[in-house]
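I opened the model to look up helices, their packing and aromatic pairs. My entries follow.

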Amino acid sequence: MTATDRLSARAWALLLVLSGAIFLEGVDISMMGVALPSMRADLGLSTGELQWVVSSYVLGYGGFVLLGGRAADLLGRRRMFLVMLGVFVVFSGLGGVATEGWMLVAARFVTGVAAAFTAPAGLSIITTTYARGPARDRAVLVYAGAAAGGFSLGMVVGGLLTALHWRWVFFAPVVLATVILAAAAAVVPRDGGARRAGARFDLVGTLLLTVGMSLLILTVVHAPEVPLAISLLTGAGAVAGLVAFLAVERRRPEPLLRLGILRVPGVARANLGAMALVGSFMAFQFSAVLFLQEQLGWSSIETGLLLAIGGLDAVLAPTLAPPLVRRVGNGRVLVAGLGLAAVGYLGFLPLDGTVSLMAAGLLAISVAFALAYGPLTLVGTDRAEESEQGLAGGLMTMSFQFGGAIGLAVATAAVVSTDLRAGVVVAVALAVAGVAVTAPLARHGAAEPAGVARAAR
């Protein structure tokens, strides 16, 4: 099926299903934080166990997303999407019936791995189904808006579900994912062309990437609390793991990450911008939630309702971004979005509890995500070859996830070392860094013509 510039009813149905899946993943990531105190009280979890309930998901997601992208390219996008969405349903349900901390951690890790396969498969279904041009741009912008909206609204959803019982933050995704799975089986098109027989998967590269990322996050998070020698040791291990990963990828005939894809115009800068966008938001969200709940004494529901202003990007992304992209190009729109994010975070920097100032900052952040998230995804995938759309989508997803993990880790270290204001400063600094690294994209305006990817190979 190839959609025309005006999307057909079937094309919209497919887009709705895929957007529902990525919305679910965004909600699943961000709503967990609200339920952590209730989990601790009910199951008697230690602080370490509580941290790993969140960290295990991020590591499963970030560590396996490139493998998920390659599996989609080699084994079939529809197959990977449906099978791994089924795994997501099963293990989210198991998390809901967990009676021990290790069961929660294990369930969240496997759920993260499942999401690492479904996310790049879903994005590559869009980029290989809809015709290059306005149809694909609109589809990607709607899809990215759903992802950003789920990420932003997760705090509200998590607060409401936790008010019923923390187990509902596991059971509610099971219900929604089951509905999406049934709909996807009906509307997701079958993969065209033969899949590559005998394809090998780079499990060594996956292991090195996961270990390197884990040690890097561990180093940053615990730097204020452990001796310098330990931080240096884990930091050196992180660098060694990531360097070894790059060395392995250069030698592999079928690597997990073909490094040449980073030479496709715009791909490297789009991925760095993605890290900055989500990393800055995670740093901001961490600091803002602690300020609202611990210093102002707000409830989880009150906090979620204020932060829901940031979720307006789910509405703004498909309505505001497409006409701006058509008029001035992806590059200028995404750079403006990152700049506006920095301005929005500044609205919280006084940390004086002025609701109107915080609401204005959150409104700016919602517009920023609407402008930046989709165009970053477009730049990061549009000029990749069709045979590598899964890889390109996986790379973007990994950048969003890895950026979020690092942003949260740096903000945590800054807050522990100084105060909550330092966490907001980290958010502003990351957004400004995102503007700096993506600024050259603005000079090009609209995306370059198709075929540039081939020239870069």
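I took its 29 residues, 267–295, at 1.5 Å a residue, so the helix should span 42 Å; the end C-alpha atoms are 41 Å apart, which agrees. The expected span is 1.5 Å times one less than the number of residues. Helices here are DSSP runs of H or I, at least four residues, numbered from the N terminus. Just after α9, I found Gly 297 with a positive phi of about 75°.

A note on the source. This is a predicted model, where local features need pLDDT of at least 70 and side-chain atom pairs count only at pLDDT 80 or more, while totals for chains, interfaces and linings use all residues. Residues are numbered from 1 along each chain as its sequence is written, and side-chain values use heavy atoms, with hydrogens and water left out.

Next, α12 and α13. Helix α12 (residues 330–346) packs on helix α13 (residues 355–381) at about 150°, with the axes 7 Å apart. Axes are lines fitted to C-alpha atoms, for helices over the stretch in contact, and angles run from 0 to 180 degrees between N-to-C directions. α12 and α13 are therefore roughly antiparallel. That term covers angles over 145 degrees; under 35 is roughly parallel, 65 to 115 roughly perpendicular, the rest oblique. I listed the contact (heavy atoms within 4.5 Å): α12 gives residues including Val 333, Gly 337 and Tyr 345, and α13 gives residues including Gly 361, Phe 369 and Pro 375. By class, this contact of α12 with α13 has 17 nonpolar, 4 polar and no charged residues. Ala, Val, Leu, Ile, Met, Phe, Trp, Tyr, Cys and Pro count as nonpolar, Asp, Glu, Lys and Arg as charged, and the others, Gly among them, as polar.

Then α4 and α14. The axes of α4 and helix α14 (residues 389–417) come within 8 Å and cross at roughly 130°. The two helices, α4 and α14, are therefore oblique. Contact residues include Pro 120 and Ser 124 of α4 and Gly 393 and Thr 397 of α14. I sorted them by class: 3 nonpolar, 8 polar and no charged.

Last, the rings. I counted 10 aromatic pairs. Phe 64 and Phe 109 have ring centres 6.2 Å apart and planes at 85°, so the pair is edge-to-face. Phe 64 sits in helix α2 (residues 47–75) and Phe 109 in helix α4 (residues 101–129), 45 residues apart. Rings of Phe, Tyr and Trp (its six-membered ring) pair with centres within 6.5 Å; planes under 30 degrees apart are stacked, over 60 edge-to-face, the rest tilted.
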